[in-house]
Amino acid sequence: MGSNSSRIGDLPKNEYLKKLSGTESVSENDPFWNQLLSFSFPAPTSSTELKLLEEATISVCRSLVENNPRTGNLGALIKVFLSRTKELKLSAECQNHIFIWQTHNALFIICCLLKVFICEMSEEELQLHFTYEEKSPGSYSSDSEDLLEELLCCLMQLITDIPLLDITYEISVEAVSTMMVFLSCQLFHKEVLRQSISHKYLMRGRCLPYTSKLVKTLLYNFIRQEKPPPPGTHVLPQQSDGGGLLYGLASGVATGLWTVFTLGGVGSKVATASELSSPLANQSLLLLLVLANLTDAADAPNPYRQAIMSFKNTQGFSPFPSSIPHAFQINFNSLYMALCEQQTSDQATLLLYTLLHQNSNIRTYMLARTDMENLVLPILEILYHVEERNSHHVYMALIILLILTEDDGFNRSIHEVMLKNITWYSERVLTEISLGSLLILVVIRTIQYNMTRTRDKYLHTNCLAALANMSAQFRSLHQYAAQRIVSLFSLLSKKHNKVLEQATQSLRGSLSSNDVPLPDYAQDLNVIEEVIRMMLEIINSCLTNSLHHNPNLVYALLYKRDLFEQFRTHPSFQDIMQNIDLVITFFSSRLLQAGAELSVERVLEIIKQGVVALPKDRLKKFPELKFKYVEEEQPEEFFIPYVWSLVYNSAVGLYWNPQDIQLFTMDSD
């Protein structure tokens, strides 16, 4: 931007910024724009650098807010950018570094300005700022009323149509970020926005035809994980003849306004490896999630959600239907591999949940894969490290497992996949274990963690539902998995006895004092009895449907047979205890006949022989345990704040002052 700025404090005094935000109108054809846009800088790559930028330029932005109704300079800047984008594709093909570089700079300034405008005014006021021109104060032109829509359409075209090269990488990232800024008005409202000007433009009119192409491009950006070009790609060499004004400003060491933004800062957010390795993939995924979770319009469903729900496999055999709105095709194998590799981030897990829950094509494809362990293991690792994850990430991982366990084929196949040396599982060395047994271990560990820490009934319910869905298909359970099933029941039994004792003591105390309010032990007892019954149903389902496949579970039941004694006559469990009691009694009898001092191997041998001898008709049949994930009413009340919290916390994304955020409570950076 013309002159060097050795200190960040010099930015508000920069002559080009002062002219842009001042009281003087600047024509679209003024040479000033070439001077303004001829700066070279390493693009900010973290929220810390963006925070420095905002703090240094906030006075300039506010000055433009004040003067723009008279000067129309915001509209002029946008028109300069729009005119340049018409030649951007050709410039990329011709490797026109200068043209692309200046166009990127224009968009970067627009994005920074819009962020402040959106934070400080209503959408209606923002829309007015797009209509102001160089006329009498406060006037506007009727033929420029759709400048906002034109800019949005232009951004969509830029994202979808410009080839991704080293020289276009940064402008592609900036276009994605600017679209998120347009939608960021949600951050400044406590309630979920159901009507918004930016939503209206994106869901109808000129932007609508780009829906499927935009969703497809954002997905491919996530799939490809393209790394940014090496630093210095946009520092242009000086021509031998001096190169004129533009080369002079960009040559040598990067000079001008943005040179200072290579500084680090205190309190910066920690970026994940995926965020740092591919800012374009990270930002594309976040924008995709924001678009997918926009609320439906009054007269039309969200087209971006429709596109996500309906896309098909490029390698599929079924005909591609033209009647489905916003449908497109994508390579499912590439998408599957990317999802497997990126599950360390909340946003990748949320995308996986969204696709499994909403797109039946991708769900069918994934369930038919023969390498499901590549997807399931990262999900199990999220749950295993529950202490290090936020609750939303844990919920998404758990719901993904619940959706997968709705399929009987999945429940069978996971017991056929053998794994070796699971290094992240530290409670016990697992030299060899089936994927199914590992899944059971991790889910049980999650339940136990929840019992002692968070005590979240929703998490309990979903964990138990996943186990219940699998229970009829349990096969060759690892001895440790069988032990943990019975150990969990033991823990629940002890908790039940403790609450029962507290309730009894409380009842005695109430007889001597009517003034002291009593804890609601009846409710606690009811909850824990529901969980105990669910565990008994899971054990019963396994015994009824696959007893002959699970000698280790029978062994664990026999070893802890005393645990079940108190529940035999309990009215809440009498019916479901019938089969468990029968199995324990039958095999205990056979062990007695075999004599004392039996080795583990001999006990297992007796169990395997006894399974053949046990008449199957003696086991009472119960309805099959099947639980289906059902999204809660008004899911946007959960997902929209969640998605925007991911955008806010993205270390390579955009920076917002936490004091301005209304959608959720944020601590200061």
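Guide: Gladly, and please keep in mind that this is a predicted model. Let us begin with Tyr395, whose relative accessible area is 13%.

Visitor: What makes Tyr395 buried or exposed?
Guide: Buried means under 20% relative accessible area. Tyr395 has 13%, so Tyr395 is buried.

Visitor: Where does Tyr395 lie, and which residues is Tyr395 in contact with, leaving aside its neighbours within four places in sequence?
Guide: Tyr395 sits in helix α20. With those neighbours left aside, Tyr395 is in contact with Asp456, Tyr458 and Leu459. Tyr395 and Leu459 are 64 residues apart in sequence, yet 7.1 Å apart in space from C-alpha to C-alpha.

Visitor: Why is α20 called mostly covered?
Guide: Of the 14 residues in α20, 12 are buried. Among them are His393, Val394, Met396 and Leu404.

Visitor: How do you know what span to expect for α20?
Guide: The expected span is 1.5 Å times one less than the number of residues. For α20, residues 391-404, that expectation is 20 Å, and the helix reaches 20 Å from its first C-alpha to its last. At the start of α20, a side-chain oxygen of Asn390 also comes to within 3.0 Å of the backbone nitrogen of His392.

Visitor: What makes the link between Ser493 and Gln566 a polar contact?
Guide: The cut-off for such a pair of N or O atoms is 3.5 Å. The side chains of Ser493 and Gln566 are joined at 2.8 Å, so the pair is within that limit. Ser493 belongs to helix α24, residues 479-512. With a relative accessible area of 2%, Ser493 is buried. Apart from its neighbours within four places in sequence, Ser493 is in contact with Leu563, Gln566 and Phe567.

Visitor: Which residues have the most contacts inside the largest nonpolar core?
Guide: They are Leu151, Tyr425, Leu438, Phe564 and Trp644, in a core of 219 residues. A second, separate core of 5 residues includes Leu50, Leu53, Phe108 and Cys112.

Visitor: Why is Ser476 called exposed, while Gln225 is called buried?
Guide: Exposed means over 50% relative accessible area, and buried means under 20%. Ser476 has 52%, so Ser476 counts as exposed. Gln225 has 15%, so Gln225 is buried. Ser476 is in the loop between α23 and α24, and Gln225 is in the loop between α11 and α12.

Visitor: What is phi for Gln225 and for Ser476?
Guide: For Gln225 phi is near 50°, and for Ser476 phi is near 45°. Each is a positive value in a residue other than glycine. Most residues other than glycine have a negative phi.

Conventions:
Residues numbered from 1 in each chain as written. Predicted model: local features only at pLDDT ≥ 70, side-chain atom pairs only at ≥ 80, totals over all residues. Heavy atoms only, no water. Core = buried A, V, L, I, M, F, W, Y, C linked by side-chain atoms within 4.5 Å. Buried < 20%, exposed > 50% of the residue type's maximum accessible area, 1.4 Å probe, protein only. Helix = DSSP H or I, 4+ residues; strand = E, 2+ residues; numbered from the N terminus. Polar contact = N/O pair within 3.5 Å; in protein donor to acceptor, adjacent residues only side chain to side chain. Contact = heavy atoms within 4.5 Å.
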